[in-house]
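My entries follow in the order I made them.

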Amino acid sequence: MFNYIYGEIVEFGNSAVVVDVNGVGFELSVSGYTMADCELGKKQKLYTYMSVKEDDISLFGFSTLEEKSMFMHLISVSGIGCKVALSILSGIDSDSLAIAIFNEDIRLLTKVKGLGKKTAERLVLELKEKVVVEAKNMVLPITQNVDSPMSKEMSNAIAVLCSLGKSQADAEKLIEAAAQLGATTTEELINMAFRIN
């Protein structure tokens, strides 16, 4: 229903902020990273997700599209609801989480509050496959330069970045930069792209 809310940050609560939009205060549950991006008294755009249940309607806010995209991926995993997803995103930033999922780094994931070993394994099992499948379906045709052809690994890496919320143009620039630094496989390209970013 709401894509984003733009207004003045008027109050900080327990894992939540209140945004005043023309005299109406919207309370949004946020991660620690989004909370850190918010400044009291400043007008700001927060991307939103509305959770509607039989006995509750809640709004969740995100300072970046990447964080919202990761949140949407997380809540698609069985056993991970909105509150758990937000807790995970408070314990690790979305880029680092994406790398951990892509690399199947269970050890790192289990260090995040709210993620036990079984949940972390299920997250990797369900989310990594979904990200790759969605990426192949959604990625736009790659504009190829005759002097610098795009490899299959680069195309796959760009697709994965796009599925994690990066724009097509940004994803291409990051992967091209990663390739120039010596990354060749899809995994190396993605890891390098996140470090550059």
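Helices (H or I, at least four residues) and strands (E, at least two) are DSSP runs, numbered from the N terminus.

**Ground rules.** I note that this is a predicted model, in which local features need pLDDT of at least 70, side-chain atom pairs count only at pLDDT 80 or more, and totals for chains, interfaces and linings use all residues. Residues are numbered from 1 along each chain as its sequence is written, and side-chain values use heavy atoms, with hydrogens and water left out.

**Overview.** I find 9 helices and 5 strands in the protein chain. From the N terminus on, the elements run β-β-β-α-β-β-α-α-α-α-α-α-α-α. The chain has 197 residues, and 42% of them count as buried, where buried means under 20% relative accessible area, exposed over 50%, and partly exposed in between (1.4 Å probe, protein chains only). I took contact to mean heavy atoms within 4.5 Å. Among contacts between residues at least 6 apart in sequence, 51% join residues at least 24 apart.

**H4 and H9.** I read an angle of about 165° between H4 and H9, with their axes 10 Å apart. That makes H4 roughly antiparallel to H9; the classes are roughly parallel under 35 degrees, roughly antiparallel over 145, roughly perpendicular from 65 to 115, and oblique for the rest. H4 passes H9 in a left-handed crossing. A crossing is left-handed if the near helix is turned anticlockwise from the far one by less than a right angle, and right-handed if clockwise. On the H4 side I list Asp95, Ala98, Ile99 and Phe102, which meet Thr186, Glu187, Ile190, Asn191 and Phe194 in H9. This contact of H4 with H9 has 5 nonpolar, 2 polar and 2 charged residues. For these classes, Ala, Val, Leu, Ile, Met, Phe, Trp, Tyr, Cys and Pro count as nonpolar, Asp, Glu, Lys and Arg as charged, and the others, Gly among them, as polar.

**H2 with H3.** Helix H2 (residues 65–75) packs against helix H3 (residues 82–91) at about 135°, with the axes 9 Å apart. H2 is therefore oblique to H3. I noted the crossing of H2 and H3 as right-handed. H2 brings Glu67, Met70, Phe71, Leu74 and Ile75, and H3 brings Cys82, Ala85, Leu86, Ile88 and Leu89. The residues of this contact divide into 9 nonpolar, no polar and 1 charged.

**H2 with H4.** Here the angle is about 45° and the axes are 9 Å apart. H2 is oblique to H4, and the crossing is left-handed. Glu66, Glu67, Met70 and Leu74 of H2 make the contact with Ser94, Leu97, Ala98 and Ile101 of H4. I count by class 5 nonpolar, 1 polar and 2 charged residues in the contact of H2 with H4.

**H4 itself.** Because 7 of the 9 residues of H4 are buried, the helix is largely enclosed by the rest of the structure. The buried ones are Ser94, Asp95, Leu97, Ala98, Ala100, Ile101 and Phe102.

**Cores.** A nonpolar core is a set of buried Ala, Val, Leu, Ile, Met, Phe, Trp, Tyr and Cys residues joined through side-chain atoms within 4.5 Å. Which members of the largest core touch the most others? Met70, Leu74, Ile88 and Leu97 do, out of 43 residues. S5, H2, H3, H4, H6, H7, H8 and H9 each supply at least two residues of this core. H7 gives the largest share, 6 residues. Apart from this core lies another of 10 residues, among them Val17, Val19, Leu28 and Met35.

I also looked up Leu74: leaving aside neighbours within four places in sequence, Leu74 is in contact with Ile80, Ala85, Ile88, Leu89, Leu97, Leu123 and Leu127.

**Positive phi.** Most residues other than glycine have a negative phi. Ser15 has phi near 60° and sits in the loop between strands S1 and S2. Asn22 has phi near 50° and is found in the loop between S2 and S3. Ser15 counts as partly exposed at 42% relative accessibility, and Asn22 as exposed at 80%. Glu104, which follows H4, has a positive phi near 55°.

Key. Axes fitted to C-alpha atoms, helices over the stretch in contact; angles between N-to-C directions.
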